[in-house]
Amino acid sequence: MKLIAFLLSLPLSTRLLLVAIILKSLVNSGLFILLMLAGTHLGASWWVTAIALATLIPGVLFAPALGWLVDRVDVKTAWIAALLVSGICVIGIALAPSPFIMVALVAIEALFSIVFGTAVFKLLPQAEGMDRDRANSFYVGIRLVIGISAPPLAALVSTIGTDFGFFLFGTLYIVSAII
């Protein structure tokens with residue numbers, strides 16, 4: 001109850017920021033599951049390894065440089081660009097004619113997820129009604145809750161079809177950018 005009262009006490013702009021963070025986090029957590037499920041339809045034995053590497057290697061190689069870059073540009077522009085590019089990449093996964101292009105789009109989306117995460121840690125503490133401790137607690141807490149709830153939701157979405165799931169998830173990224 002205290003959490004709900006606190007969230008309702010926040011200004012609309014801060015609540016919209018929190019909604020965008022929740023949507024992005026939900027989609028990001030569900031995307032990996034959806035990719036694994038899509039791999040079963042492709043029949044590519046290397047798929048799981050390729051997706052794991054495409055999501056991990058860009059972060060290891062480029063996170064420091066991307067963090068440095070986000071620290072030097074307008075953070076709202078970086079936030080919006082990260083969400084829009086991620087949305088386009090995820091929709092592109094549904095349209096990609098080959099698994100290799102799908103893996104490349106996953107790697108690009110992983111890079112822009114780093115930009116998003118860096119922007120969150122800059123924007124959220126600056127939001128009206130938030131401070132660094134509350135912002136960090138909220139972000140870590142919501143990632144934990146979503147980490148548990150997103151996989152079954154992604155599996156449920158995949159029952160309609162993985163391409164539908166990619167279109168839905170990409171659209172939710174773009175909606176998060178608009179918010």
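## Model and confidence

Confidence in the chain is lowest in helix α1 (residues 2-9), where the mean is 79, and highest in helix α4 (residues 75-95), at 95. The score is pLDDT, the predictor's confidence in each residue on a scale from 0 to 100. Over the chain the average pLDDT is 90, and 99% of the residues score at least 70. Where pLDDT is low, the predicted coordinates should not be read in detail.

This is a predicted model, in which local features need pLDDT of at least 70 and side-chain atom pairs count only at pLDDT 80 or more, whereas totals for chains, interfaces and linings use all residues. Residues are numbered from 1 along each chain as its sequence is written, and side-chain values use heavy atoms, with hydrogens and water left out.

## Helix α5

Helices are DSSP runs (H or I, at least four residues), numbered from the N terminus. Helix α5 (residues 99-126) has 28 residues, which at 1.5 Å a residue should span 40 Å; the C-alpha atoms at its ends are 40 Å apart, so the two values agree. The expected span is taken as 1.5 Å times one less than the number of residues.

Helix α5 also has a kink of about 25°, centred on Val120. The bend at a residue is the angle between axes fitted to the seven residues ending there and the seven starting there.

## Salt bridges

The structure holds two salt bridges, each defined by a side-chain nitrogen of Lys or Arg within 4 Å of a carboxyl oxygen of Asp or Glu. In one of them, the side chains of Glu109 and Lys24 meet at 3.6 Å, N to O. This pair links distant parts of the chain, with Glu109 in helix α5 and Lys24 in helix α2 (residues 12-42), 85 residues apart. Both Glu109 and Lys24 are buried; the classes are buried (under 20% relative accessible area), exposed (over 50%) and partly exposed (in between), with a 1.4 Å probe and protein chains only.

Asp71 forms a salt bridge with Lys122, with 3.9 Å between the closest N and O atoms. Asp71 lies in the loop between α3 and α4 and Lys122 in helix α5, so this pair ties together parts that are 51 residues apart in sequence. Asp71 is partly exposed at 45% relative accessibility, and Lys122 is partly exposed at 24%.

## Nonpolar surface and selected residues

Leu53, Leu56, Ile57, Val60, Leu61 and Phe62 form a nonpolar surface patch with about 600 Å² of accessible area together. Such a patch joins nonpolar side chains (Val, Leu, Ile, Met, Phe, Trp, Tyr) within 5 Å, and like charges within 9 Å, among residues with over 30% relative accessible area and no salt bridge. Areas come from the Shrake-Rupley method with a 1.4 Å probe; for residues, only the protein chains shown count as cover. Phe62 belongs to helix α3 (residues 47-70) and is partly exposed at 41% relative accessibility.

Phe100, in helix α5, is exposed, with a relative accessible area of 59%. Its C-alpha atom is 29 Å from that of Ile146, 46 residues apart in sequence. Leu23, in helix α2, is buried at 19% relative accessibility.

Key. Helices (H or I, at least four residues) and strands (E, at least two) are DSSP runs, numbered from the N terminus.
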